[in-house]
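Let's take a walk through this structure together. Have a look at it first, and then we'll go through it piece by piece.

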Amino acid sequence: MTTNALLLALVLSLGMAACGQKQEPESAAPAETAAPAAAMEASPAVPESPEAVANADGSVDAQGLYASKCASCHGATGEGVADNPKLAGLTRADIESRLKDYRDGKQRGPKTAIMASMAKSLTDEQITSLASYLGE
């Protein structure tokens with residue numbers, strides 16, 4: 001794993017951990033409080049539960065799920081952001097296979113740690129819905 005990937009995983013982990021904690025006001029210097037705030041801003045929005053991204057009938061809201069878990073790194077239309085891979089053009093089967101591999105902890109490349117943390121809470125139904133939403 002590269003240094004950049006480790007650093008990004010650390011920042012995302014800290015940001016996600018900080019989101020679940022009640023913060024008490026401190027009398028710290030502004031420079032000391034800036035780092036945690038920056039870490040929280042860098043982390044993508046993640047729904048608190050699978051039900052947080054569901055349609056009124058209980059089915060998976062694939063567009064909302066993609067927007068909350070994927071779009072910040074892969075772009076609004078799957079075009080890829082920065083050095084994150086493009087998803088547009090992949091088949092449904094390929095997307096589903098990759099997400100299940102990440103969720104199951106299989107090594108798939110330099111961004112496996114980040115993708116595994118994003119995919120670990122996905123259900124089979126959510127993965128299938130995301131693959132249908134994105135895939136060709």
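**A tour of the chain**

The side chains of Lys69 and Ser121 are joined by a polar contact of 3.2 Å. A polar contact here is a pair of N or O atoms within 3.5 Å; within protein, one must be able to donate a hydrogen and the other to accept it, and residues adjacent in sequence count only if both atoms are side-chain atoms. Lys69 sits in helix H3, and it counts as buried because its relative accessibility is 9%. The cut-offs go like this: buried means under 20% relative accessible area, exposed means over 50%, and partly exposed is in between (1.4 Å probe, protein chains only).

Before going on, a word on what you're looking at. This is a predicted model, in which local features need pLDDT of at least 70 and side-chain atom pairs count only at pLDDT 80 or more, while totals for chains, interfaces and linings use all residues. Residues are numbered from 1 along each chain as its sequence is written, and side-chain values use heavy atoms, with hydrogens and water left out.

Now step back to the whole chain. Its secondary structure comes to seven helices and zero strands, so defined that helices (H or I, at least four residues) and strands (E, at least two) are DSSP runs, numbered from the N terminus. Of the 136 residues in the protein chain, 31% count as buried. The accessible surface comes to about 8500 Å², and 56% of that belongs to carbon and sulfur atoms; these areas come from the Shrake-Rupley method with a 1.4 Å probe, and for residues only the protein chains shown count as cover.

How confident is the predictor? What is scored is pLDDT, its confidence in each residue, from 0 to 100. The protein chain averages 77, and 62% of the residues score at least 70. Among the elements, H2 has the lowest mean pLDDT, at 40, while helix H5 (residues 92-103) has the highest, at 97. Over residues 20-51 pLDDT stays under 50, and the model has 28 contacts beyond four places in sequence for that stretch.

Next, find Asp61, in the loop between helix H2 (30-42) and helix H3 (62-69). Asp61 is partly exposed, because its relative accessible area is 25%. Leaving aside neighbours within four places in sequence, Asp61 is in contact with Val53, Ala54 and Asn55. Its C-alpha atom is separated by 9.6 Å from that of Tyr133, 72 residues apart along the chain.

For a mostly covered helix, turn to H6 (residues 112-119), where six of the eight residues are buried. Those buried in H6 are Thr112, Ile114, Met115, Ala116, Met118 and Ala119.

On to the charged pairs. Side chains of opposite charge can pair when their charged atoms come close. A salt bridge is a side-chain nitrogen of Lys or Arg within 4 Å of a carboxyl oxygen of Asp or Glu, and by this rule the count comes to seven.

Start with Arg98 and Asp94, whose salt bridge has its closest N and O atoms 3.0 Å apart. Both lie in helix H5, four residues apart, about one turn of the helix. An α-helix has 3.6 residues a turn, so residues three or four places apart point the same way. Arg98 is partly exposed, with a relative accessible area of 29%, and Asp94 is partly exposed too, at 25%.

Arg103 forms a salt bridge with Asp104, with the closest N and O atoms 3.6 Å apart. Arg103 also has a salt bridge with Asp124, where the closest N and O atoms are 2.9 Å apart. Because Asp124 lies in helix H7 (residues 124-134) and Arg103 in helix H5, this pair ties together parts that are 21 residues apart in sequence. Arg103 is partly exposed, at a relative accessible area of 22%, and Asp124 counts as partly exposed at 42%.

Methods:
Contact = heavy atoms within 4.5 Å. pLDDT = per-residue confidence, 0-100.
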